[in-house]
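Morning, everyone. Please bring up the sequence and the model, and we'll walk through a few parts together.

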Amino acid sequence: MIPCDRRYALVHEWLTPLATGGSELVVREMVTQLDRWLPEPVALHALIDFESSNSESYLYGRAIGHTFLQRFPGAIRGVQRYLPLWPLAIEQLDLRAYDIILSSSHAVAKGALVAAHQLHVCYCHAPMRYAWDLTHDYLAGSRSGRGPIGWLTRYLLHRLRLWDVLAANRVDFFAANSRTTANRIWRCYRRRAEVIYPPVQVDRFPLQTTKDDYYLCVTRLVPYKRVDLIVEAFNQLGLPLMVIGGGPMLESLREQAGANVQLLGEQPDAVVAQAMAQARAFVYAAFEDFGIAPVEAQACGTPVIAFAQGGTGETVRDCRQDPKTGTGLLFEQQTSEAIAAAVTVFEDYRSRLSAEAIHRHAQSFSPNVFRDRYFGFVNWCWQEFQRDRQTPTEFFR
């Protein structure tokens with residue numbers, strides 16, 4: 001149980017109807033639990049807020065602090081265009097009235113200004129990837145990475161990295177959404193992080209033990225998800241593949257796909273859940289910090305064939321190590337050949353996999369597990385913070 005006699009603020013990057021990813025699900029769990037425990041609703045702050053005016057949002061009508069970016073043109077659809085102003089903006093949030101600052105950060109939320117008497121615990125989804133490990137990918141794939149503008153972009157990213165390290169030093173304790181992210185936090189900031197996996201709504205995906213013959217991929221169709229490799233692998237294998245998701249690569253993938261590959265575009269949640277439950281296996285080729293969809297598939301008792309690096313390397317148990325507890329199969333390289341080889345090996349192992357065991361494994365990522373671990377960590381941080389403030393240094397003893 002957290003100390004409920006303290007005032008809390010929760011800081012996130014942005015709250016908009018278009019932001020519905022994993023970090024927003026974490027924020028929702030945090031808000032829901034804090035509102036249950038605290039005598040008054042937790043104070044929310046963000047760079048921009050368009051959820052308090054969204055009648056379909058759980059945050060509708062709530063008082064949410066925001067920054068000057070709220071008034072900038074097009075902020076609701078693309079606050080990313082104002083990236084150089086993010087550090088300045090987040091530092092304008094006035095958090096002086098609170099004892100405990102909780103941030104949910106994949107960019108600048110951790111950079112909010114706090115005082116010496118305030119505890120700051122950051123749940124980090126990833127260090128700012130376009131400023132760190134994806135810098136060269138970002139520059140190579142963007143018009144702003146070429147010519148004279150490219151040099152200005154490089155300079156701005158350099159300054160952003162310097163600020164990002166400075167901002168990390170404002171955090172008292174870090175939690176990370178995976179070991180992969182914890183390693184990145186150490187690489188970028190030289191800070192240790194407690195690994196607390198994010199909540200996955202596993203109850204939305206009921207166990208189904210009988211499976212159909214098709215393989216499934218559900219994801220946004222953007223380059224780093226590497227759906228093109230999955231399609232190429234199944235073109236070679238000739239096995240049935242269903243791809244659900246929208247994005248800029250949809251048309252090019254349709255041109256690439258053979259007759260055995262179906263690209264269904266965006267689909268309702270109910271259709272996605274049913275497809276996951278009935279699939280022979282779920283195929284995933286992205287390097288993710290965590291990766292929610294593979295865990296959702298496992299909640300259905302559906303095995304997962306996934307890239308061994310990143311979050312999926314942590315959430316999927318390779319059946320070659322132990323078929324009784326295995327939940328899928330991992331491949332080591334992001335190539336169509338590696339995916340095709342993994343599917344072929346999986347065909348030899350799939351009869352030995354237990355849908356019930358796969359389902360049980362997915363329960364370890366449930367919201368209840370997240371709440372217990374995260375708020376237990378916050379309580380521990382508060383105790384450590386109080387102890388350190390009351391303990392004199394060795395020099396003056």
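Which residues do ring pairs link into a cluster? They are Trp 37, Tyr 123, Phe 370, Tyr 374 and Phe 375.

Some ground rules. This is a predicted model, where local features need pLDDT of at least 70, side-chain atom pairs count only at pLDDT 80 or more, and totals for chains, interfaces and linings use all residues. Residues are numbered from 1 along each chain as its sequence is written, and side-chain values use heavy atoms, with hydrogens and water left out.

Now, rings. Rings of Phe, Tyr and Trp (its six-membered ring) pair if their centres lie within 6.5 Å; planes under 30 degrees apart are stacked, over 60 edge-to-face, and the rest tilted. The structure holds 20 aromatic pairs. Take Phe 173 and Trp 380: their centres are 5.6 Å apart and their planes at 70°, so this pair is edge-to-face. It links distant parts of the chain. Phe 173 is in strand S6, Trp 380 is in helix H14 (residues 367-390), and 207 residues separate them. Helices (H or I, at least four residues) and strands (E, at least two) are DSSP runs, numbered from the N terminus.

Are these two residues buried or exposed? Buried means under 20% relative accessible area, exposed over 50%, partly exposed in between (1.4 Å probe, protein chains only). Phe 173 has 17%, so Phe 173 is buried. Trp 380 has 43%, so Trp 380 is partly exposed.

Next, Phe 370 and Tyr 374. Their ring centres are 5.5 Å apart with planes at 5°, so they are stacked. Both are buried. They sit four residues apart in H14, so about one helical turn separates them.

On to strand S5, residues 119-124. Six of its six residues are buried. Leu 119, Val 121 and Tyr 123 are on one side, and His 120, Cys 122 and Cys 124 on the other. S5 pairs in the parallel sense with S4 (residues 100-105) over six bridges, and with S6 (residues 173-176) over four. Two strands pair if DSSP finds at least two bridges between them. Cys 122 stands opposite Phe 174 in S6.

That brings us to the core. A nonpolar core is a set of buried Ala, Val, Leu, Ile, Met, Phe, Trp, Tyr and Cys residues joined through side-chain atoms within 4.5 Å. The largest has 43 residues, and Phe 174, Leu 216, Met 276 and Phe 282 touch the most other members. Apart from it lies another core of 34 residues, including Leu 221 and Ile 358.
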